[in-house]
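Here's a quick tour for anyone meeting this structure for the first time. Have a look at it, then read on.

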Amino acid sequence: MPFSFAASFLFLTVVGLVLLDSVIARPFEGPQIIQISGASTNVVSITSDPPSGCFPELGFAMPSSVPSSLEDWWCSTDSEYGFVGFSYEVTSCQSAEKLKEEFLDIRQTFNGRYVRLYGACDRVGFYDDVIDAAWEAGVGVYALVWFGFDNDDKWMTRRDTLLATLHSNPKAQFVTRAVQFGSEPLFDSVLSPINLAAQITSAKVNLSSLSIPVIISELAYGYQAHLKDGSMEVLDVIDFIGAHMLPFFSANASQAKNAWPIVQTDIDWFVKSAPSKKIYLTQNGWPSTSYPGVMPNSRLAVSNVQNEQAYYTLLDENCEYFKSVPGGGIGWFAHIYSDYQEPGYGIYGNDGLLKFPFSPKTSC
Ligand SMILES: *[C@@H]1O[C@H](CO)[C@@H](O)[C@H](O)[C@H]1NC(C)=O
Ligand SMILES: *[C@@H]1O[C@H](CO)[C@@H](O)[C@H](O)[C@H]1NC(C)=O
């Protein structure tokens with residue numbers, strides 16, 4: 001009896017210490033960080049503790065399970081200025097694996113915080129794959145309802161599929177920063193501005209329980225060309241501004257290093273027309289080649305790799321300015337991730353190699 005009492009006391013003590021240890025050890029150990037991939041200053045990590053910091057700031061550790069609410073989840077938009085990420089064309093219907101690999105590259109190699117989708121992939125479950133890749137890489141996503149250029153009704157099924165996925169996938173609201181209701185829908189006149197505004201409003205209502213903003217991605221010129229038929233109504237209903245900045249196509253274009261007045265003119269127009277709205281340059285770049293569909297409107301415009309690079313250098317040199325713009329500063333996306341997605345605009349060439357060094361500032 002004394003022996004078995006001693007044995008069971010010992011047993012209970014050991015078990016008790018193990019249990020006690022697992023309870024008390026955690027607070028002193030800090031976050032349980034599991035590194036997914038190798039040495040980098042910006043390692044994506046997973047933590048089983050409640051998240052600290054905000055998504056998708058650099059260095060944020062993704063929680064191991066889906067949070068119960070969006071409270072304190074998203075970073076304040078004021079912190080999002082300078083380089084924020086890449087436009088990413090999905091017409092090639094990248095596999096789930098490829099999405100993961102390239103979103104991780106965007107995060108780790110370039111300190112990207114966001115991926116802005118462009119084009120469309122109508123494969124069943126594609127946006128679920130995007131959500132998984134974004135969650136794993138720790139990047140936010142701008143989803144897109146793509147109208148295309150055929151003037152057909154496919155956008156309606158794309159809209160319904162996307163909205164349904166945003167409601168059905170529990171991770172969707174934690175990685176989807178916005179739904180873009182079209183890329184240049186005003187410039188392309190896909191709907192009347194009044195109808196477009198009504199579509200945006202109804203998508204906002206649909207997504208209100210998920211708190212996902214709805215925007216359009218559009219040129220200043222797209223609004224300016226439709227002032228008489230209601231573009232200001234669109235500017236009014238969007239939650240923030242997704243501005244296209246493609247100075248290569250300006251009638252005043254020459255070399256990229258001289259493009260600042262063109263950029264400034266369009267930014268000034270947005271700031272004046274919607275003073276309190278946050279601005280992101282969602283489609284923003286300078287092509288390294290011209291071809292039908294990508295032709296300049298100025299004899300003096302130069303498209304080559306040096307000018308593609310010079311445009312991003314120009315933006316990077318103006319980080320302080322972007323930080324200071326009313327409405328919480330301006331964050332800019334680079335258009336586009338790779339030449340395989342849209343010839344000439346890629347940071348990567350078709351050979352998969354960087355066309356030039358690219359490490360723009362994410363804060364200043
Ligand atoms: C949002 O729209 C989708 C697609 O039409 C629909 O399946 C879903 O029920 C809607 N949800 C709400 C809350 O309106
Ligand atoms: C081109 O430059 C001129 C002179 O600076 C300016 O008045 C004009 O608004 C510019 N046009 C465009 C399309 O930027």
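Helix α3 covers residues 126-137, twelve in all, and runs 17 Å from its first C-alpha to its last, close to the 16 Å expected at 1.5 Å a residue. That expected span is 1.5 Å times one less than the number of residues. Helices here are DSSP runs of H or I with at least four residues, strands are runs of E with at least two, and both are numbered from the N terminus.

This is a predicted model, where local features need pLDDT of at least 70, side-chain atom pairs count only at pLDDT 80 or more, and totals for chains, interfaces and linings use all residues. Residues are numbered from 1 along each chain as its sequence is written, while chains are lettered from A and ligands numbered from 1 in the order they're written.

Back to α3: nine of its twelve residues are buried (20 or more other C-beta atoms, placed from the backbone, within 10 Å of a residue's own). Among them are F126, Y127, D129 and W135. So what do the buried residues of α3 pack against? Here are the partners, with contact meaning C-beta atoms, placed from the backbone, within 7 Å:

| Partner of α3's buried residues | Residues |
|---|---|
| β3 | 61-63 |
| α2 | 96-110 |
| β5 | 114-118 |
| β6 | 140-144 |
| α4 | 154-168 |
| α5 | 172-175 |

Just past α3, G138 takes a positive phi of about 75°.

Zooming out, the protein has eleven helices and eleven strands, and 39% of its 364 residues are buried.

Methods:
Two residues are in contact if their C-beta atoms, placed from the backbone, lie within 7 Å.
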